[in-house]
Amino acid sequence: MSETESASTETQAPVASENEEITYQAVEKDGVVTAIWEMKGRKHLRTIDPRSRQGREILNLYTTEEEPPVVSEAATS
């Protein structure tokens, strides 16, 4: 592919507006996060490794507890 072709492809791609916020989407396989996609609107900006420092920070910010905390028997006695 020549430089001219790649440049024309970039100009035809839809451009996300400046006021769209950046969001993160977790890509899961068998219940394990395998990648984090950084998105601006519908445009994919980059892929973040969930094992990287930034990936762990993002997961810690957005992880929700789906199960109630387990109460040990010693705490109830």
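**Figure 1. Pairing of strands β1 and β2 in the predicted model.** Strands β1 and β2 run antiparallel and are joined by eight bridges. The coordinates shown belong to a predicted model. Strand β1 covers residues 22-29, and strand β2 covers residues 32-40. Two of the facing pairs can be picked out here. Glu-28 stands opposite Val-33 of β2, and Lys-29 has Val-32 of β2 as its bridge partner.

**Figure 2. The turn of the β1-β2 hairpin, with Asp-30.** Two residues lie between the strands of this hairpin. Asp-30 is placed in the loop that links β1 and β2. Its phi is near 55°, a positive value in a residue that is not glycine. Most residues other than glycine have a negative phi. Asp-30 counts as exposed because its relative accessibility is 76%, above the 50% cut-off.

**Figure 3. The open sheet of three strands.** The strand order is β1-β2-β3, and the pairing is antiparallel. Strands β1 and β3 stand at the edges; each has a single partner strand, so one side of each is left without a neighbour in the sheet. From one strand to the next, the twist averages 30°. Strands of a sheet pair through backbone hydrogen bonds. Strand β3 is formed by residues 43-48.

Figure 4. Glu-38 lies in β2, within residues 32-40. Glu-38 counts as buried because its relative accessibility is 9%, and the cut-off for that class is under 20%. The side chains of Glu-38 and Tyr-24 make a polar contact at 3.1 Å. With neighbours within four places in sequence left aside, the residues in contact with Glu-38 are Ile-22, Thr-23, Tyr-24, Lys-43, His-44, Leu-45, Arg-46 and Ile-48.

Figure 5. The average pLDDT of the chain is 76, and 60% of the residues score at least 70. Where pLDDT is low, the predicted coordinates should not be read in detail.

How values were computed
Residues numbered from 1 in each chain as written. Predicted model: local features only at pLDDT ≥ 70, side-chain atom pairs only at ≥ 80, totals over all residues. Heavy atoms only, no water. Helix = DSSP H or I, 4+ residues; strand = E, 2+ residues; numbered from the N terminus. Buried < 20%, exposed > 50% of the residue type's maximum accessible area, 1.4 Å probe, protein only. Polar contact = N/O pair within 3.5 Å; in protein donor to acceptor, adjacent residues only side chain to side chain. Contact = heavy atoms within 4.5 Å. pLDDT = per-residue confidence, 0-100. Pairing = 2+ DSSP bridges. Axes fitted to C-alpha atoms, helices over the stretch in contact; angles between N-to-C directions.
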